[in-house]
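This report concerns the salt bridges of a predicted model.

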Amino acid sequence: MSKKENVWNQLLFEKSRQGGFINKNLLILGRKCSGKRSLLDALADVTKTLKNAIRQKGITPIVDYAYLNLIDLRDPDYNTNARLNVYILEEEGQKYLLPQILNHKNIKNTFVVIALDMQEPWTFMEDLDRWISVLQDMMADLRLSLNELEEMKSNVMQYMSQMDGGQVHEGLLKTNLGIPLMVMVNKSDILERDDKGKDWDQKAEIIQFCLRQFCVNYGATLLFTSVKQKTNIKVMYEYVLHRLYNMPFETSQHKNLSDFESLFIPLGQDDINIIKSTFTKLANSAIKYEESVPVVQLKKNLVKEELTVEDDQEFFTKLKEKSSQAPATRPILPIQRQVEQPAQQQQTPPADQPLSARGSQQSEQLRNFYKILTGDPIQQAQQQLQERMKQRTVTEIQPSGSATKMTPLFNQQDQQRLQRIFPKK
């Protein structure tokens, strides 16, 4: 950008500053776990905005909403009394909600970002094609008049020509959506790792070659960011305000075409000829992105699977349906067997006896009794009775006053059970 153009932008900014700032919109599109909310948290720190609760556990809103304070980073003390509304969309199937957020009036004050995940570079072109299709459908659903649409497209063309020295080179802006657009690659710090493989340099060239071609065709800015390394966070915010509010932005100071990890190519600073001269071999060969950048399972920093907490009501409804479909079975009721003793002789188990031992004895008694419920009841009852008689000792005869009383073999509940098995004739 020339000094003359920079002065002109400064005048436009001062004019808008005098007239007051209005709220404008930032729409972020990107698949889950692509770093959108982490970026938003980082931008909240830059703009001194209280972080909004957009990440509630177990809840994924259809459209996330937050806002950022509108701050001129060169003059942070100046109060603009305006906000930048931020909307996040993750699913292509939710595109029908966009016309409820954006309309033919506020779409003119909207900046769109397509977020990509550097952890999964093989998804780049697929994601870009999908979200461009969503944006095209959105523009059609807004039902803008021909004059409104042409005005928006003209603004994009005018900005590009201004940044490109007053003209638009051949091969630029083949598809003009009429909205400011950025392709943002998050998690660029992943490129510093040592487990990318020997052929990573070649893949990095292919990724950059294809991304730059896409951005040139659709009039998009290309930016690589890293929240961990704080790479290009402020640059991203300043550039968005530059496009929405005409705030001054020194393109030459921020433009970066050499470092892949912090790549930043503003709109109008790239064209087909520059791309072909930079990647001569790739430009002269037929490239299939999906084959050149195949799916690879990275060893570190794997994205953790998000767990969705099922609603309690849905859980109990499914449980009820399963129970109604299950075959009817006879419930087995827990039965406690205790040897009846006089109150004065009842004692608690020895304190030095382990709990596991006392629990094992009770479990063994229950298992023996439940054997009656399976197999041949008469035969098992007889075996149970014989074993009980063999185990009987004199210690089971307890004194009670002047007379002795023999403890019954079975308690009252057991006797009732045996009477049902052996009915009296």
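## A network of salt bridges

Salt bridges link R31, E120, E126, D127 and R130 in a network. In the structure there are 12 salt bridges.

## R31 and its two partners

R31 joins E120 through a side-chain salt bridge, with an N to O distance of 3.7 Å. The two residues come from distant parts of the chain, 89 residues apart: R31 belongs to the loop between β1 (24–29) and α2 (36–46), and E120 to the loop between β4 (110–117) and α4 (124–141).

R31 also forms a salt bridge with D127, in which the closest N and O atoms are 2.9 Å apart. Because D127 lies in helix α4 and R31 in the loop between β1 and α2, this pair ties together parts that are 96 residues apart in sequence.

## Accessibility of these residues

E120 has a relative accessibility of 23% and is therefore counted as partly exposed. R31, with a relative accessible area of 23%, is partly exposed. The relative accessible area of D127 is 1%, so this residue is buried; the cut-off for buried is under 20%.

## The D64 and R37 pair

A further salt bridge is formed by D64 and R37, whose closest N and O atoms are 2.4 Å apart. This pair, too, links distant parts of the chain: D64 is in strand β2 (residues 64–69) and R37 is in helix α2, 27 residues apart. Both D64 and R37 are buried.

Definitions and conventions:
Residues are numbered from 1 along each chain as its sequence is written. This is a predicted model: local features need pLDDT of at least 70, side-chain atom pairs count only at pLDDT 80 or more; totals for chains, interfaces and linings use all residues. Side-chain values use heavy atoms; hydrogens and water are left out. A salt bridge is a side-chain nitrogen of Lys or Arg within 4 Å of a carboxyl oxygen of Asp or Glu. Helices (H or I, at least four residues) and strands (E, at least two) are DSSP runs, numbered from the N terminus. Buried means under 20% relative accessible area, exposed over 50%, partly exposed in between (1.4 Å probe, protein chains only).
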